[in-house]
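Let's take a friendly walk through this structure together. Have the sequence and the 3D view ready, and follow along one stop at a time.

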Amino acid sequence: DGGPDLIDAWWKAGGWRGGRCLVLSRPGAYPGTGRNAGIEAATSDWVAFLHGGITPDPDWLACLLQFAEGRRVQSVFGMCRFWGEGAFCRALCALSYGQGALRPVLPSSLFRKEVFKEVGLFPEELLAAEDVVWVARHLAVYGRKDECREALVHYRYFPEAWGGALRKWYAYSVNVAKSGSFPAQQAGYVACLVLAGAGLVVSPWAVVSVLPVYVMARGVLEPMRR
């Protein structure tokens, strides 16, 4: 999409003295593979992450580094504000994260490179939820997640039509299940499907009458609240 050329032009116009900009190409790679390639190529003490669709505030990285050095921590997570633009995108944002929600996420974070020797690299077989798996490992090793609320990035990249939204939802759901994340939630989904199937056999009309109520509550009223 012309991305490497844009990055090259940006660096030539405004790159900082003593630094370097290296674009690594991994065609067809999933996010974990891209992050791992960057970690292995990095020669600095610190590694920071962004993500496609993420827009950082100008002082985002400075805030992370100041926080990490001031608190003497090895890892620090910045905050991401989720915001859909346009009615359909706002609805999707409200349905998933909450319109205007502020959350600590991996693609706004900073780590000492030695952290990856302790925690390991990212799983490369997952299209999504690889960050969830890695953060869980990080918590298991370090026992906490330091957050810098002043380090702010923004995410506005939501599908603009039903087809894209359903494909994204399906891909994320499948990969979350493959990753083994949120086992209680996954078990709840299976239990609901089993109960719905049994209900259709025993009392189809009961299931048919409950379904619109659930759809209205989960798909309309709850997103409006959020």
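Cys-89 is buried in this predicted model, with a relative accessible area of 7%. That value counts as buried because the cut-off is under 20% relative accessible area. Does Cys-89 stand with or without a disulfide? Cys-89 is in no disulfide, and the nearest cysteine sulfur, which belongs to Cys-93, is 9.0 Å away. A search through the whole structure turns up 0 disulfides.

Strands of a sheet pair through backbone hydrogen bonds, in either a parallel or an antiparallel way. Here, 5 strands form an open sheet in the order E1-E4-E3-E5-E2, and their pairing is mixed. Strand E1 (46-49) and strand E2 (54-56) are at the edges; each has a single partner strand, so one side of each has no neighbour in the sheet. On average, neighbouring strands of this sheet are turned by 40 degrees against each other, ignoring direction. Across from Phe-111 in E4 you will find Val-47. Helix H6 (residues 130-142) lies across E3 and E4, and runs at about 65 degrees to E4.

Which residues of the largest nonpolar core touch the most other members? Of its 22 residues, they are Leu-64, Val-76, Cys-80, Phe-82, Cys-148 and Phe-158. At least two residues of this core come from each of helix H3 (60-71), strand E3 (75-82), helix H4 (87-96), strand E4 (102-112) and strand E5 (147-155). H3 gives the most, with 5 residues. For a close look, pick Val-76: leaving aside neighbours within four places in sequence, Val-76 is in contact with Leu-64, Phe-67, Ala-68, Ser-109, Leu-110, Asp-146 and Cys-148. Another core, of 13 residues, lies apart from the largest one, and Phe-111, Phe-116, Trp-134 and Val-135 are among its members.

Our last stop is a glycine. Gly-86 sits in the loop between E3 and H4. Gly-86 and Gly-52 are 34 residues apart in sequence, and their C-alpha atoms are 20 Å apart in space.

Technical notes:
Residues are numbered from 1 along each chain as its sequence is written. This is a predicted model: local features need pLDDT of at least 70, side-chain atom pairs count only at pLDDT 80 or more; totals for chains, interfaces and linings use all residues. Side-chain values use heavy atoms; hydrogens and water are left out. A nonpolar core is a set of buried Ala, Val, Leu, Ile, Met, Phe, Trp, Tyr and Cys residues joined through side-chain atoms within 4.5 Å. Buried means under 20% relative accessible area, exposed over 50%, partly exposed in between (1.4 Å probe, protein chains only). Helices (H or I, at least four residues) and strands (E, at least two) are DSSP runs, numbered from the N terminus. Contact means heavy atoms within 4.5 Å. Two strands pair if DSSP finds at least two bridges between them. Axes are lines fitted to C-alpha atoms, for helices over the stretch in contact, and angles run from 0 to 180 degrees between N-to-C directions. A disulfide is a pair of cysteine sulfur atoms within 2.5 Å.
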